[in-house]
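Subject: Handover of a structure for your study

Dear colleague,

Please find below the sequence and the structure that I am handing over to you. My findings follow directly after them, arranged by topic.

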Amino acid sequence: MATVSSTAPLERVPNSAIDAVRLEHVTKSYRRGEHVEQVLRGVDLSVARGECVYLLGPSGCGKTTLLSIIGCVLRPDSGKVELFGTEVGGLAEAERSALRRSTIGFVFQRFHLLRGLTAEENVMLPLILAGVSRRAARRQARRLLELVGLEGRADQDPRLMSVGQCQRVAIARALACDPPLLLADEPTASLDAQTGAKVMRLLRELAKTRQHTVIVVTHDRRILEYADRVFELEAGRLVEASTAA
Ligand SMILES: Nc1ncnc2c1ncn2[C@@H]1O[C@H](COP(=O)(O)OP(=O)(O)OP(=O)(O)O)[C@@H](O)[C@H]1O
Ligand SMILES: [Mg+2]
């Protein structure tokens with residue numbers, strides 16, 4: 001697996017003093033018929049640029065819900081969400097989408113790779129949508145697939161790949177547009193220890209060399225050494241764990 005090559009410095013988010021993410025008393029509940037499940041009960045969180053923050057918690061406690069709110073995929077019931085100093089709640093839908101596209105890479109827990117496209121085409125897609133030429137998009141996709149250890153598999157259909165390989169295509173796609181904020185939902189769930197460690201080292205290297213912010217949801221305690229801070233989601237609130245490892 002190759003290492004990160006230095007590319008142009010990040011210019012989309014010029015003021016490094018502003019936190020990448022600020023959450024204030026975020027709440028979220030789901031209604032199923034008569035039943036209301038209060039999942040988030042007042043989440044507060046500030047994450048600086050260049051920081052790697054990991055979120056832990058038992059299955060069903062609301063980690064994906066929280067990551068989706070940070071990623072502008074879901075709206076909270078109440079509370080404030082700020083990304084790079086912009087309050088997301090005050091934006092119209094089109095502005096939210098634009099913010100999402102320009103600043104966020106999301107590794108979904110279930111990958112959401114597009115059927116009928118090769119691994120390389122999946123990674124190229126966000127670049128093409130951002131107006132990058134096919135030629136440049138292909139070059140970037142190949143570089144990223146190599147970074148996650150999938151060199152030689154660019155033309156493969158993800159349906160014919162192992163789950164761990166699909167997971168790495170999803171990670172490469174999330175990195176395609178060089179997002180200043182990377183949100184990864186259990187990115188090592190299907191990876192062996194060695195490959196998982198390599199991928200998490202790559203994400204940490206991106207954070208530290210390019211001041212990118214990385215928020216990882218995980219059950220995998222083996223990768224906590226790559227975190228600057230670790231939080232547990234407990235009873236709908238985030239509690240900082242005393243040490244990262
Ligand atoms: N769209 C939805 N409608 C109704 N309930 C939902 C919805 N999405 C999530 N939930 C419920 O909210 C709770 C939190 O779900 P979430 O997916 O955020 O948990 P999680 O911490 O990511 O779990 P896991 O570790 O298993 O991925 C669960 O009890 C789930 O059933
Ligand atoms: Mg989840």
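Is phenylalanine 84 buried or exposed? Phenylalanine 84 is buried, because its relative accessible area is 11% and the cut-off for buried is under 20%. Please bear in mind throughout that this is a predicted model. Phenylalanine 84 lies in the loop that joins β4 (78-83) and β5 (86-87). Its phi is positive, about 50°, although the residue is not a glycine.

A second residue may be set beside it. Glutamine 211, in the loop between α6 (193-210) and β8 (213-217), also has a positive phi, near 60°, and is likewise a residue other than glycine. With a relative accessibility of 35%, glutamine 211 counts as partly exposed.

Between β4 and β5 the antiparallel pairing extends over two bridges. Leucine 83 stands opposite threonine 86 of β5.

As background, strands of a sheet pair through backbone hydrogen bonds, and they may do so in a parallel or an antiparallel manner.

The sheet of six strands

A further open sheet has six strands in the order β6-β7-β8-β3-β9-β10, and here the pairing is mixed. At its edges stand β6 (104-107) and β10 (237-240), each with a single partner strand, so that one side of each lacks a neighbour in the sheet. On average, neighbouring strands of this sheet are turned by 20° against each other, direction ignored. The pair β6 and β7 is parallel and is joined over four bridges. Within this pair, glycine 105 has leucine 182 of β7 as its bridge partner. Helix α2 (residues 93-103) packs on the sheet and touches β6 and β7; the direction of α2 makes about 80° with that of β6. Helix α6 lies across β3 (52-56), β7 and β8, running at about 135° to β3.

Leucine 183 deserves a separate look. This residue is in strand β7 (residues 181-185) and counts as buried, because its relative accessibility is 0%. Leaving aside residues up to four places away in sequence, leucine 183 touches Leu67, Ile70, Gly71, Ile104, Gly105, Phe106, Val107 and Ile215. Leucine 183 and valine 217 are 34 residues apart in sequence, and their C-alpha atoms are 8.1 Å apart in space.

The packing of the helices

Two packed helices are described by the angle between their axes and the distance between those axes. Two pairs can be described here.

The axes of helix α3 (residues 119-129) and helix α5 (residues 163-175) come within 8 Å and cross at roughly 25°. Angles under 35 degrees count as roughly parallel, and α3 is therefore roughly parallel to α5. The crossing of α3 with α5 is right-handed. On the α3 side, Ala119, Asn122, Val123 and Pro126 take part, and they meet Val169, Ala172 and Arg173 of α5. By class, this contact of α3 with α5 comprises five nonpolar residues, one polar and one charged.

Which residues of α3 are buried? They are Ala119, Glu120, Asn122, Val123, Met124 and Leu127. Their cover includes α4 (134-147) and α5. After α3 comes glycine 131, with a positive phi near 90°.

The second pair is α5 and α6, which pack at an angle of about 5° with their axes 12 Å apart. These two helices are therefore roughly parallel to each other. Arg168, Ile171 and Leu175 of α5 make the contact with Thr195, Val199, Leu202, Leu203 and Leu206 of α6. The residues in the contact of α5 with α6 are six nonpolar, one polar and one charged.

Yours sincerely,
A colleague

Definitions and conventions: Residues are numbered from 1 along each chain as its sequence is written. Chains are lettered from A and ligands numbered from 1 in the order in which they are written. This is a predicted model: local features need pLDDT of at least 70, side-chain atom pairs count only at pLDDT 80 or more; totals for chains, interfaces and linings use all residues. Side-chain values use heavy atoms; hydrogens and water are left out. Axes are lines fitted to C-alpha atoms, for helices over the stretch in contact, and angles run from 0 to 180 degrees between N-to-C directions. Angles under 35 degrees count as roughly parallel, over 145 as roughly antiparallel, 65 to 115 as roughly perpendicular and the rest as oblique. A crossing is left-handed if the near helix is turned anticlockwise from the far one by less than a right angle, and right-handed if clockwise. Contact means heavy atoms within 4.5 Å. Ala, Val, Leu, Ile, Met, Phe, Trp, Tyr, Cys and Pro count as nonpolar, Asp, Glu, Lys and Arg as charged, and the others, Gly among them, as polar. Buried means under 20% relative accessible area, exposed over 50%, partly exposed in between (1.4 Å probe, protein chains only). Two strands pair if DSSP finds at least two bridges between them.
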